[in-house]
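This report goes through the nonpolar core, the strand pairing and selected side-chain contacts of one protein model. The model is predicted.

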Amino acid sequence: MTGRRQAGLVAVAVLVTMTGLTGCAPFACPAIGWSNTLTVQLVGDTSAVDQVQLCTDAGCAPAADVDPSGPLGWITVESNDGDSWTFSVGMTSMEQVTVRTLAADGTVLSDTEATPEWVRVGGSAQCGGPSEATVAVQA
């Protein structure tokens, strides 16, 4: 057995012993898999808006050409009612985002920078958890 492996086994044995003696277990976070939600509230005339995208330095999503395994692959539209678009953005808390509105023919109607103010709505301070934010932009 190598010295490194022996040291690891000793450390585990000490941890197990200490846990049994003190009744304290090291803190463990539950399995991850939550998603943050960003709601975009459009202000003004939304009649020409067909699609809303979230844009970062990596590009805009959702879009047909987005690599689903890339950083934009987590961005999906959860719901929209014309004035309000709700996005699932994975475990990302975007500090800065550009909200892009598009017409049915793909014409960009507006690009508006926004700074979401994220509020954790689940999980814990130690482990993190799902957060929500709402930004209002001119349509």
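## Nonpolar core

In this predicted model, the largest nonpolar core consists of 20 residues. Those with the most contacts inside the core are Val 40, Val 52, Leu 54, Ile 75 and Phe 87. Five elements are listed as giving two or more residues to this core: strand 1 (37–43), strand 2 (51–56), strand 5 (84–88), strand 6 (97–102) and strand 9 (131–138).

Val 52 can be taken as a case in point. Setting aside neighbours within four places in sequence, Val 52 is in contact with Val 40, Leu 42, Pro 62, Trp 85, Phe 87, Val 99, Arg 100 and Thr 101. One of these contacts, Pro 62, is found in the loop between strand 3 (59–61) and strand 4 (76–80). The peptide bond that joins Ala 61 and Pro 62 is cis, with omega about 0°.

## Pairing of strand 1

Strand 1 pairs with strand 5 in the antiparallel sense, over five bridges. Within this pairing, Val 40 has Trp 85 of strand 5 as its bridge partner.

Strand 1 also pairs with strand 9, here in the parallel sense and over seven bridges. The bridge partner of Thr 39 in strand 9 is Thr 134.

## Thr 86

Thr 86 is found in strand 5. Its relative accessibility is 16%, so Thr 86 counts as buried, the cut-off being under 20%. The side chain of Thr 86 is joined to that of Thr 39 by a polar contact of 3.5 Å.

Beyond the neighbours within four places in sequence, Thr 86 is in contact with Thr 37, Leu 38, Thr 39, Thr 76, Val 77, Glu 78 and Ser 79.

## Salt bridge

How many salt bridges does a search of the whole structure find? The search finds one. In a salt bridge, the side chains of Arg 100 and Asp 111 meet at 2.8 Å, N to O. The pair links distant parts of the chain, with Arg 100 in strand 6 and Asp 111 in strand 7 (residues 108–114), 11 residues apart. Side chains of opposite charge can pair when their charged atoms come close.

Conventions
Residues are numbered from 1 along each chain as its sequence is written. This is a predicted model: local features need pLDDT of at least 70, side-chain atom pairs count only at pLDDT 80 or more; totals for chains, interfaces and linings use all residues. Side-chain values use heavy atoms; hydrogens and water are left out. A nonpolar core is a set of buried Ala, Val, Leu, Ile, Met, Phe, Trp, Tyr and Cys residues joined through side-chain atoms within 4.5 Å. Buried means under 20% relative accessible area, exposed over 50%, partly exposed in between (1.4 Å probe, protein chains only). Helices (H or I, at least four residues) and strands (E, at least two) are DSSP runs, numbered from the N terminus. Contact means heavy atoms within 4.5 Å. A polar contact is a pair of N or O atoms within 3.5 Å; within protein, one must be able to donate a hydrogen and the other to accept it, and residues adjacent in sequence count only if both atoms are side-chain atoms. Two strands pair if DSSP finds at least two bridges between them. A salt bridge is a side-chain nitrogen of Lys or Arg within 4 Å of a carboxyl oxygen of Asp or Glu.
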